[in-house]
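Opening the notebook on this one.

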Amino acid sequence: MTRQILVLGGDGIGPEVTAAAERVLSILAGRHKLALAFEHALVGGACYDATGLFITDATMAKAKAADAILFGAEGGPKWDSLELTGPPETRSGLTRLRRELELYANLRPIRPFEALLAHSTLKPEIVRGVDFMIVRELCGGIYFGEPRGIERKGDGLLHGFDTQDYSEPEIERIAHASFALARSRRRKLCSVDKANVMESGILWRRTLTRIGERDYPEVELSHLYVDNAAMQIVRNPRQFDVIVTDNLFGDILSDGAAMITGSLGMLPSASLGTPRPDGRRPGLYEPVHGSAPDIAGQGLANPLGAIMSAALLLTHGLGRPDLAQIVERAVARTLEAGIATPDLGGKAGTGEVLAAVIEAL
């Protein structure tokens, strides 16, 4: 059966790194009798310039029909200054994809390569052996809560406000995904909230505790306030196995934790939804580094975050963790050979790094 992959390169360095990831997938597919069909479409600022929308209905239909989505990056100064109104999903193609496909579980693995230990902002003895996963709830919380806006109130002053809102079912589904993941790893789950000052945090903590005690007694559940969690990730990251947290906290903690790996350009991610009746699971796979418009088109972008995102696609989207391991070993060998882009202190360009990964495959 041919598996359909929708490639949305987007803006900035997005098209460059997704092209590299697509090339790796194509080579593996040819060698291991995996039938893949790639389709491309516009998203983000590039789509806005062409259509007046950040993603079209036609592209959304393709996304819903695809077996997996390989995403590059979205946005840049050209579009950041637009004065847009309406719900978040009308102001971002990525946000609409997450919302309409219900990609509620965002997985961000934090596992530094041995060859990059010296490039981390933390000491090598702190980051060596780190291997944990941040699970970020992606479809709820303050990024989507209502009411939100900027209004002039009775005091005559402008007030900006957002709503942090989580329902019990939203917390339950991310809890089950996180407990199941922890059960398949080292059976330790740390839930991060701010229950000491936020009502949503109280509900979050109660729900995680209830589900853990009832359905996953074999998984050790702990709780941290988000400020303490940020400190612990820097102090002793080896203590963590799986961290689950809400949309806002996950966004912040995962970018901070990315520096353990040596560069934000090394961090892949998978955004997963509920499995469909036919067994397929909606998924979007993207590097975390953003569009980096300052280096776009110069051949300097680090493609390894996108290539590692392709490895996650193989595991979670296509059910081929064996091929994902081949990709990971090829990336490790490339780095061990000292072939790296400038963000990692190297002198290689995007194409040189890709060529080295392909040779290592």
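I count 10 strands in an open sheet, ordered 2-1-3-12-11-4-5-10-8-9, with mixed pairing. My strands (E, at least two residues) and helices (H or I, at least four) are DSSP runs numbered from the N terminus, and two strands pair if DSSP finds at least two bridges between them. Strand 2 (36–40) and strand 9 (220–225) are at the edges with a single partner strand each, so one side of each has no neighbour in the sheet. Neighbouring strands are turned by 20° against each other on average, direction ignored.

Before going on, a note on the source: this is a predicted model, where local features need pLDDT of at least 70, side-chain atom pairs count only at pLDDT 80 or more, and totals for chains, interfaces and linings use all residues. Residues are numbered from 1 along each chain as its sequence is written, and side-chain values use heavy atoms, with hydrogens and water left out.

I looked at strand 4 (residues 105–110) and strand 11 (residues 268–272): they run antiparallel, joined by three bridges. N106 is opposite S271 of strand 11. Helix 10 (residues 247–258) packs on the sheet and touches strands 4, 5 (132–137), 8 (188–193) and 10 (242–245); contact is heavy atoms within 4.5 Å. The direction of helix 10 makes about 150° with that of strand 5, using axes fitted to C-alpha atoms (for helices over the stretch in contact) and angles from 0 to 180 degrees between N-to-C directions.

Next, rings. Searching the whole structure gave me four aromatic pairs. Rings of Phe, Tyr and Trp (its six-membered ring) pair if their centres lie within 6.5 Å; planes under 30 degrees apart are stacked, over 60 edge-to-face, the rest tilted. F132 and F240 make a tilted pair, 5.8 Å centre to centre with 55° between the planes. F132 is in strand 5 and F240 in the loop between helix 9 (226–235) and strand 10, 108 residues apart. Both are buried, meaning under 20% relative accessible area with a 1.4 Å probe, protein chains only.

Y166 and W204 have ring centres 5.5 Å apart and planes at 70°, so I log that pair as edge-to-face. Y166 is in the loop between strand 7 (158–161) and helix 7 (168–183), W204 in helix 8 (residues 199–215), so the pair ties together parts 38 residues apart in sequence. Y166 and W204 are buried.

Last entry: the charged end of K153 sits over the F161 ring, 5.0 Å from its centre. My cut-off was NZ of Lys or CZ of Arg within 6 Å of the ring centre and within 35 degrees of the ring normal.

Definitions and conventions. Buried < 20%, exposed > 50% of the residue type's maximum accessible area, 1.4 Å probe, protein only.
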